Amino acid sequence: MKPFGYVVPPDQAAAVALVTGRPGAAFLAGGTNLVDLMKLGVAAPDLLVDVAGLLPGRIERTPAGGLRIGAAVRNSDLAADPRVRAEFPVLAQAVLAGASGQLRNMATVGGNLLQRTRCLYFQDVTKPCNKRVPGSGCPARAGEHRNLAILGGSLHCVATHPSDMAVALAALDAVVHVEGAAGPRAIPFSELYRLPGDEPDRETTLERGDLITAVEVPALGQAVRSAYRKVRDRASYAFGVASVAAALDVADGVVREARIALGAVAPLPWRARRAEQVLAGRPATAEWFARAAGAELAAAAPLPDNAFKVTLVRNIVVRMLSALAGARAGDTA
């Protein structure tokens, strides 16, 4: 591991100034992802700026009835919060589906959103990777890609975003609060991440030195009827092969609103807006859930070894929405 400095700044503004003005500096909070990358040689900051004690570590009710989650809230505390469990079960379930209990006790909300991909080529510094070394190539396309993207990838990168929490927050239309060199600002969750295109090393819209301070989840009545389902190769701690976060509002057997996000199938938490549009005003049946999933997955561009994800995601969406609607998986309109 490359030698590095360590500093605890007096406040958020000082932390932002340090990282903004020093290209080799990086924020440190829980460190559960960054420290691993440093051990692998993937990340090599020359200065760690500890912000764990500078960020809010509380979950508070907003005036509009939603929740404001401090960036330093530990994942385990988020999943255990009674308000989150009762009002946003999809979020609590997503957090519990990610990592081990020990890691959830250390990991923070802000850091969770900025996890780096678990693509094997990104983590192996002896291999080329456009995300790690721009212009070096993407060997995953012809190599090991079983767990990689079927949506939103490009010729330059097919890595997937690893966060479970982010998939739930995408479905809930969360807002990310940031402190930057120009002051505070709020970023809609749908605008936080970037598709790889021809610049896969740029994963978010954050600027150098931007510090996530909180995540706000708006009040949504239908979020009570929500869930997260993750398919992985083993039941214990493992990254997903595919996942779905969904919230459903049904009245008299008709879908009034659906919120659906897909995980482990794209370079970012994939909001399934086409599927949502198909379902609006339609019967809450397995047939229509399948049509909606098919409409979303029509844009899929799988590689040979991950084409199975198309069928897998379709089946997860149908079963999850059927369960949320109280329908049976075999029901038809």
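Leaving aside its neighbours within four places in sequence, with which residues is valine 265 in contact? The structure is a predicted model, in which local features need pLDDT of at least 70 and side-chain atom pairs count only at pLDDT 80 or more, whereas totals for chains, interfaces and linings use all residues. Residues are numbered from 1 along each chain as its sequence is written, and side-chain values use heavy atoms, with hydrogens and water left out.

Valine 265 is found in the loop that runs between strand 11 (254-263) and strand 12 (270-271), strands (E, at least two residues) and helices (H or I, at least four) being DSSP runs numbered from the N terminus. With a relative accessibility of 1%, valine 265 counts as buried, a term that means under 20% relative accessible area, with exposed over 50% and partly exposed in between (1.4 Å probe, protein chains only). Beyond its neighbours within four places in sequence, valine 265 is in contact (heavy atoms within 4.5 Å) with Ala149, Ile150, Leu151, Thr160, Val241, Ala242, Lys309 and Val313. Valine 167 stands 98 residues away from valine 265 along the chain, and the C-alpha atoms of the two are separated by 11 Å.

Asparagine 112, by contrast in location, belongs to helix 7 (residues 109-113). Asparagine 112 counts as buried because its relative accessibility is 11%. When neighbours within four places in sequence are again left aside, the residues in contact with asparagine 112 are Asn75, Ser163, Met165 and Ala166.
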